[in-house]
Amino acid sequence: VRAKSPRTFWSIEVKVYMDIIVQKYGGTSLADTQRIRAVAERIAETRKKGYKVLVVVSAQAGMTDMLVKKIREVCPAPHKREADVVLSTGELISIGLLSIAINSLGIPAMSMNSFQAGISTEGDYMRSKISTIKMDVIMSSFKFYDVIILPGFQGVNKNNEITTLGRGGSDITAVALAAALKINEVEIYTDVDGVYTADPRIVKNAQKIDRLTYQEMLEMSGSGAKVLHSRSVELAAKNDLVIKLLSSFNYVKGTDIRKEEDCMEKPSVRAISHNMNEAKITITGVGGDASNIAHIFREISKESINVDIIVQDMENCKSNISFIVSREDYSVAMETVKKICLSLGADEIKGDSHVAKVSVVGIGMKSNPGVAAAVFDVLSNEKISIYMISCSEIKISCIIHEKDTEHAVRSLHRHFFETGAKGA
Ligand code: ADP
Ligand code: ASP
Ligand code: MG
């Protein structure tokens with residue numbers, strides 16, 4: 001049953017209505033002691049307005065990168081179960097430190113790890129998915145505590161092993177908790193005060209967007225805008241849950257990500273995103289019919305590698321195929337392809353791990369032809385070579401050399417947003 005107001009939850013355990021807010025704080029928001037104290041103050045303010053606060057935290061900025069480095073130093077191809085044991089520890093430091101800070105303000109707060117909180121996962125190590133959250137322990141604890149603090153990015157699988165959700169996965173935990181509570185919104189606090197028309201670290205003139213549809217945010221996250229994890233947006237859409245993206249550094253109004261409404265504007269171009277974490281593999285001269293191509297991609301999928309844009313053409317009854325994988329999957333994908341393609345008699349296999357993807361996203365693109373031509377015009381005027389192109393109903397993506405990324409993003413932003421406001 002849906003809650004009465006966006007934040008009201010009927011607690012079976014405590015048998016009262018509770019007003020609960022789910023807040024997630026990212027790594028930069030908790031980067032040092034001063035930041036942890038500042039976040040504790042914010043949570044205390046929310047509590048003073050009468051809410052119970054369910055907090056999800058990331059590891060402190062740089063911590064997970066440091067853990068990845070330590071793991072790789074010990075072994076470049078680590079046992080993934082054990083890598084997850086190490087990777088999950090960053091968030092545990094954050095829950096404890098934040099709880100100490102909140103308690104020191106006189107507010108009863110308790111941290112719980114994912115075993116204690118009943119966050120269950122399924123699927124592969126390092127890219128698992130949340131399967132269920134048993135809310136009873138969390139809810140009963142709200143009887144005695146005003147703030148409960150949970151680690152994002154992890155859970156426990158059916159064998160009682162700790163698994164992580166993939167980089168940036170704390171956003172997913174926050175949305176999953178709000179969905180499990182059946183409340184209608186979640187606040188995600190980060191180091192920018194909203195979603196912008198491009199990454200504000202690259203484009204100085206990027207503009208804040210007040211409202212975005214799930215579909216647009218999904219395309220943006222999927223094409224590299226790491227401000228929200230794409231699976232968190234997917235989950236929010238499934239549960240019709242508004243994501244409020246806010247800054248923990250100020251009190252400025254942020255961006256609401258919600259379902260499409262008729263009254264919402266539909267600019268043809270909403271934002272430019274980019275992803276530097278791409279690699280390209282090309283196989284030339286694959287003979288035979290499509291079953292050979294199916295064979296290649298089946299073997300790649302057995303390695304749990306996601307393939308992005310695929311381009312294929314035929315020449316003298318032989319196929320040339322290019323596709324994109326993420327850089328961390330590049331060496332395994334190359335090895336896999338080399339193994340099968342020897343048996344398929346392919347002419348050549350080439351790899352390039354220095355490519356990037358720039359994408360132009362906008363729901364109004366559906367009804368506004370001409371955006372693709374404009375994108376290609378801009379890139380060609382700037383002498384930026386395009387290696388591959390892919391289009392969805394609301395997105396155009398181009399694979400380019402990584403050295404051209406910032407130049408491409410800035411030029412496209414200038415065209416669509418800064419000269420005559422052709423976009424938003
Ligand atoms: P957190 O640690 O809080 O999860 P992230 O670093 O994962 O934060 O995400 C926030 C960052 O996302 C910002 O600092 C910004 O550089 C980047 N970003 C990329 N694209 C966008 C965009 N379109 N709008 C806002 N931020 C963006
Ligand atoms: N700490 C994890 C990471 O850095 C998860 C997160 O921050 O969302 O990827
Ligand atoms: Mg993040």
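A polar contact is a pair of N or O atoms within 3.5 Å; within protein, one atom must be able to donate a hydrogen and the other to accept it, and residues adjacent in sequence count only if both atoms are side-chain atoms. The model shown is predicted: local features need pLDDT of at least 70, side-chain atom pairs count only at pLDDT 80 or more, and totals for chains, interfaces and linings use all residues. Residues are numbered from 1 along each chain as its sequence is written, chains are lettered from A and ligands numbered from 1 in the order in which they are written, and side-chain values use heavy atoms, with hydrogens and water left out.

**View 1. Ligand 1 and its polar contacts.** An oxygen atom of ligand 1 is 3.1 Å from a polar backbone atom of Gly27. The side chain of Lys24 has an N or O atom 3.1 Å from an oxygen atom of ligand 1, and for the side chain of Thr190 the corresponding distance is 2.7 Å. On its own, ligand 1 has 580 Å² of accessible area, of which the protein covers 91% (Shrake-Rupley method, 1.4 Å probe; for residues, only the protein chains shown count as cover). There are 17 residues around ligand 1, and Thr190, Asp191, Tyr196, Asp199 and Arg201 come nearest (a residue is near a molecule or strand if one of its heavy atoms lies within 4 Å of it). This shell holds 8 nonpolar, 4 polar and 5 charged residues (Ala, Val, Leu, Ile, Met, Phe, Trp, Tyr, Cys and Pro count as nonpolar, Asp, Glu, Lys and Arg as charged, and the others, Gly among them, as polar).

**View 2. Ligand 2 and its surroundings.** The residues around ligand 2 are Ser58, Ala59, Thr64, Glu91, Phe153, Arg167, Gly168, Gly169 and Ser170. By class, they comprise 2 nonpolar, 5 polar and 2 charged residues. A polar side-chain atom of Glu91 lies 2.6 Å from a nitrogen atom of ligand 2. Ligand 2 taken alone exposes 270 Å², and 86% of that is buried by the protein.

**View 3. A salt bridge between Arg167 and Asp65.** Side chains of opposite charge can pair when their charged atoms come close. The side chains of Arg167 and Asp65 form a salt bridge with an N to O distance of 3.0 Å (a side-chain nitrogen of Lys or Arg within 4 Å of a carboxyl oxygen of Asp or Glu). Arg167 lies in the loop between strand E9 (162–164) and H7, whereas Asp65 belongs to helix H2 (residues 63–74), so the pair links distant parts of the chain, 102 residues apart (helices, H or I, at least four residues, and strands, E, at least two, are DSSP runs numbered from the N terminus). The model has 22 salt bridges by this rule.
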